[in-house]
Each structure stands twice: as C-alpha cells, then as structure tokens.
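Subject: Structure handover

Hello,

Here is the structure you were waiting for. My notes on the strands, charged pairs and rings follow below it.

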Amino acid sequence: MTMFNKKNKARVANHTKIALLPNERGAIICMSPATSTVTFFKGCPERAEKQLAKKVAAIVTANPWLASYLDKDPQTGEMAAYQAPNAASMCRFERRDHIKLSRNHIKYHDMVTGLGDALCQTSKASMGKQIPLWQVSLIADAEEPKVGFALVVSCNHSLLDGHGFYQI
C-alpha cells in the first residue's frame with residue numbers, strides 16, 4: 001500500500017462512500033466551476049440569517065449527501081463523494097460580511113471575482129481537502145446593509161448538475 005493510500009484510507013475511514021457516475025468524475029466536470037446563484041432581497045439580514053440557518057439545516061437533513069466532500073477511493077483510485085458521520089459539520093451556511101456586493105452598482109465580472117469563498121471550488125481543487133461541496137452564504141448589501149442582502153447558493157458540479165441544483 002502506498003503512502004497516498006494510507007493517508008487516504010485514514011481520511012475516509014468511518015465515512016459513507018457515495019459512488020459517482022463516470023460522467024460526474026470526468027475531466028470536463030472536474031474542471032467546471034460550481035453551479036451558483038446570487039439573488040438580492042430586501043429585508044433585514046439578521047432576521048433572514050436565523051431563518052436561513054434553519055432552512056439550510058433542514059435541507060441537509062433531508063439530503064445528507066449535500067454535506068459530502070470529494071476524495072479518491074483507496075480501493076479503486078476513482079474520485080468519490082464521502083459523507084462524514086457528522087454531516088452537519090460539512091454543511092456550510094455563513095454570513096460573509098467581508099464580501100462587498102451591491103444590487104445597484106456591480107458588473108458581472110466584478111461580482112464573480114468578488115464572491116471568493118462564497119463559491120464552491122472545482123472538483124479538481126476540492127479533491128482530498130474535505131471542503132464543502134454545497135454552501136449557502138448571506139451577504140449584506142454594501143449600500144444598504146440594514147435593509148438588503150444577497151443570498152448566494154453554490155454547489156460543486158460533480159455533486160449536482162443544473163437540474164438537481166434548482167430542485168434543491
């Protein structure tokens with residue numbers, strides 16, 4: 001057994017393996033950016049945060065594979081998703097006040113580059129790092145932080161395609 005397999009086997013021990021289809025671990029999908037949405041809302045971010053945290057937890061309870069991460073199967077060497085015993089800890093809902101967005105003054109390129117850690121990584125970048133493949137972020141509107149916010153939902157493309165993304 002190689003050193004990689006020993007480390008890898010230890011990383012995935014006690015985790016539930018979720019086998020991926022060949023096209024879900026193919027080169028094009030593994031290099032594809034996350035499927036993500038940014039939706040602006042009017043309303044109090046603090047109030048929305050409490051409701052969204054509950055909703056995200058309920059979604060992960062109903063769909064625990066959303067809280068999985070990508071790693072190599074120590075037996076086959078193929079990429080697979082792994083669900084930790086404490087799946088909720090891999091689910092990420094965060095308020096991200098360090099990101100500055102405004103519904104009124106933002107260009108698409110600036111928004112995409114400015115979202116940074118609110119977006120999930122590609123499969124290639126996620127492999128073996130135990131980072132979330134699905135996450136929800138609340139970002140207060142930079143111009144109206146008390147009465148406006150953006151909700152960012154992002155999912156790694158190996159985990160969900162566009163159809164599944166919008167069903168969730």
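Strand β3 is joined by five bridges to β4, residues 79-83, and the two run antiparallel. Within that pairing, L70 has A81 of β4 as its bridge partner. Please keep in mind that this is a predicted model.

These two strands belong to an open sheet of three strands, ordered β1-β4-β3, with antiparallel pairing. The edges are taken by β1 (16-19) and β3 (68-72); each has a single partner strand, so one side of each is left without a neighbour in the sheet. From one strand to the next, the twist averages 40 degrees.

The other sheet is also open. Its four strands come in the order β2-β7-β6-β5, and the pairing is mixed. Here β2 (35-42) and β5 are the edge strands, and because each has a single partner strand, one side of each lacks a neighbour in the sheet. Ignoring direction, neighbouring strands of this sheet are turned by 15 degrees against each other on average. β2 is joined to β7, residues 148-155, by eight bridges, and this pair runs antiparallel. In it, V38 stands opposite V152 of β7.

A helix goes with this sheet: α3, residues 45-62, lies across β5, β6 (134-140) and β7. Its direction is at about 175 degrees to that of β6.

Now the charged pairs. Side chains of opposite charge can pair when their charged atoms come close. With a cut-off of 4 Å between the side-chain nitrogen and the carboxyl oxygen, the count comes to nine salt bridges. Three of them are described here.

K17 and D73 meet through their side chains in a salt bridge, at 2.3 Å from N to O. K17 is in strand β1 and D73 in the loop between β3 and β4, so the pair ties together parts that are 56 residues apart in sequence. K17 counts as partly exposed, at 41% relative accessibility, whereas D73 is buried, with a relative accessible area of 6%.

R96 and D117 form another salt bridge, at 3.2 Å from N to O. Because R96 lies in the loop between β5 (92-95) and α4 (108-115), and D117 in the loop between α4 and α5 (123-126), this pair ties together parts that are 21 residues apart in sequence. R96 is buried, with a relative accessible area of 1%, while D117 is partly exposed at 39%.

In the salt bridge of R95 with D97, the closest N and O atoms are 2.9 Å apart. Both partners are partly exposed: R95 has 22% relative accessibility and D97 a relative accessible area of 43%.

Last, the rings. A pair of aromatic rings is described by the distance of the centres and the angle of the planes. The structure holds three aromatic pairs. One of them is formed by F165 and Y166, with 5.1 Å from centre to centre and 85 degrees between the planes. That angle makes the pair edge-to-face, because planes over 60 degrees apart count as such. Is each of the two residues buried or exposed? F165 is buried, with a relative accessible area of 7%, and Y166 is exposed, at 61%.

Regards

Note on methods:
Residues are numbered from 1 along each chain as its sequence is written. This is a predicted model: local features need pLDDT of at least 70, side-chain atom pairs count only at pLDDT 80 or more; totals for chains, interfaces and linings use all residues. Side-chain values use heavy atoms; hydrogens and water are left out. Two strands pair if DSSP finds at least two bridges between them. Axes are lines fitted to C-alpha atoms, for helices over the stretch in contact, and angles run from 0 to 180 degrees between N-to-C directions. Buried means under 20% relative accessible area, exposed over 50%, partly exposed in between (1.4 Å probe, protein chains only). Rings of Phe, Tyr and Trp (its six-membered ring) pair if their centres lie within 6.5 Å; planes under 30 degrees apart count as stacked, over 60 as edge-to-face and the rest as tilted. Contact means heavy atoms within 4.5 Å.
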